[in-house]
Amino acid sequence: MTKITYYPPEYGKDEFNCAHCKVFAHQSWGGSLSSNLLNSSLPSDFLTVSKCRHCYELSIWIEGSLVYPAQITVEDPNDDMPDEVKKLYRESAQILPISPRAAAALLRLGLQILLGAVGGDGKNINNDIKKIVASGVESETQKALDILRVFGNSGAHPGEIKLDEDPGLVHKMYGLMNYVTDRLITQKNQINELFEGLPEGIKNQIESRDGKNKNEEKL
Ligand SMILES: [Zn+2]
């Protein structure tokens with residue numbers, strides 16, 4: 001896959017991908033407007049304007065944050081996501097404003113690695129979903145995994161879903177990535193932790209009960 005480098009707009013930087021035209025271009029910074037127009041007791045970075053040398057459109061910053069034009073922001077990745085998946089998730093979110101298809105393809109790679117971390121082989125998404133479904137997951141988790149698979153595929157291959165016409169759809173995929181991480185990793189970890197905290201005697205009783213049940217089934 002072609003690596004696309006995207007430098008999100010950053011306060012005070014000379015160059016970045018413009019929030020209007022998306023082109024990597026030089027930015028001129030206007031003097032702080034706070035002292036000129038507004039009450040001079042405001043912080044010096046209260047209101048600042050940058051101008052793109054490619055499209056000449058203005059971007060407006062308040063206290064160092066870009067407020068105009070509005071940016072697409074996605075929720076933070078679930079803490080329990082493997083680091084490599086988190087990195088792909090963040091890269092995908094960064095590139096979303098300029099290429100929803102590239103964003104979807106990166107998220108697909110993240111899903112592939114995530115599935116490898118929860119019992120799949122991390123190579124074939126479809127086979128891994130089959131394996132995970134066979135091990136027993138809620139139908140919503142299976143649906144979420146399949147939605148991610150199908151959307152990811154349309155980012156990687158020409159498909160019936162036109163991602164570039166609906167970046168909002170890709171936007172929803174980040175929520176689904178967090179959802180499946182919660183179901184496949186976070187909740188399992190929490191339950192295992194609580195179970196481990198039970199008194200040894202009780203855990204032994206449970207283990208021998210289930211061992212006994214298994215023997216009964218065999219009879
Ligand atoms: Zn521009």
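User: Among contacts between residues at least 6 apart in sequence, what share joins residues at least 24 apart?
Analyst: That share is 51% in the protein chain. Keep in mind that this is a predicted model.

User: OK. How many helices and strands are there?
Analyst: The protein chain has seven helices and five strands.

User: In what order do they run from the N terminus?
Analyst: The order is β-β-α-β-β-β-α-α-α-α-α-α.

User: And what percentage of the residues count as buried?
Analyst: The chain has 219 residues, and 32% of them count as buried.

User: Let's do helix packing. At what angle do H3 and H4 pack?
Analyst: About 40 degrees. H3 covers residues 100-117 and H4 covers residues 125-134. Their axes lie 10 Å apart.

User: Why give me both an angle and a distance?
Analyst: Because a packed pair of helices is described by both: the angle between the axes and the distance between them.

User: Fine. Are H3 and H4 parallel or oblique to each other?
Analyst: Oblique. Angles under 35 degrees would count as roughly parallel, and 65 to 115 as roughly perpendicular. At about 40 degrees, the pair is therefore oblique.

User: Left-handed or right-handed crossing?
Analyst: H3 and H4 cross in a left-handed way.

User: Which residues make the contact?
Analyst: H3 contributes Arg108, Leu111, Gln112, Leu115 and Gly116. From H4 come Ile125, Asp128, Ile129 and Ile132.

User: How does that contact split by class?
Analyst: Five residues are nonpolar, two are polar and two are charged.

User: Switching to H5. Where does Asp146 sit, and is it buried or exposed?
Analyst: Asp146 is in helix H5, which spans residues 139-156. Its relative accessibility is 18%. Buried means under 20%, so Asp146 counts as buried.

User: What does the Asp146 side chain make a polar contact with?
Analyst: With the side chain of Gln142, at 2.8 Å.

User: Now Gln94. Which element is it in?
Analyst: Helix H2, residues 83-95. Gln94 is partly exposed, with a relative accessibility of 37%.

User: What does Gln94 touch beyond its neighbours within four places in sequence?
Analyst: Gln94 is in contact with Tyr6 and Pro8.

User: How far apart are Gln94 and Tyr6 in sequence and in space?
Analyst: They are 88 residues apart in sequence. In space the C-alpha to C-alpha distance is 7.1 Å.

User: On to the backbone. Which residues does the cis peptide bond with omega of about -5 degrees join?
Analyst: Tyr68 and Pro69.

User: And where is Pro69?
Analyst: Pro69 is in the loop between strand S5, residues 65-68, and helix H2.

User: What about phi at Lys22?
Analyst: Phi is positive there, about 70 degrees, although Lys22 is not a glycine. Lys22 belongs to the loop between strand S1 (15-17) and strand S2 (24-29).

User: Buried, exposed or partly exposed for Lys22?
Analyst: Partly exposed, with a relative accessible area of 30%.

User: And what is phi at Tyr56?
Analyst: Also positive, at about 65 degrees, and Tyr56 is not a glycine. Tyr56 falls in the loop between strand S3 (47-52) and strand S4 (58-62).

User: Is Tyr56 buried or exposed?
Analyst: Exposed. The cut-off is over 50%, and Tyr56 has 56% relative accessibility, so it counts as exposed.

Key:
Residues numbered from 1 in each chain as written. Predicted model: local features only at pLDDT ≥ 70, side-chain atom pairs only at ≥ 80, totals over all residues. Heavy atoms only, no water. Helix = DSSP H or I, 4+ residues; strand = E, 2+ residues; numbered from the N terminus. Buried < 20%, exposed > 50% of the residue type's maximum accessible area, 1.4 Å probe, protein only. Polar contact = N/O pair within 3.5 Å; in protein donor to acceptor, adjacent residues only side chain to side chain. Axes fitted to C-alpha atoms, helices over the stretch in contact; angles between N-to-C directions. Parallel < 35°, antiparallel > 145°, perpendicular 65-115°, else oblique. Left-handed = near helix turned anticlockwise from the far one by under 90°. Contact = heavy atoms within 4.5 Å. Nonpolar A, V, L, I, M, F, W, Y, C, P; charged D, E, K, R; others polar.
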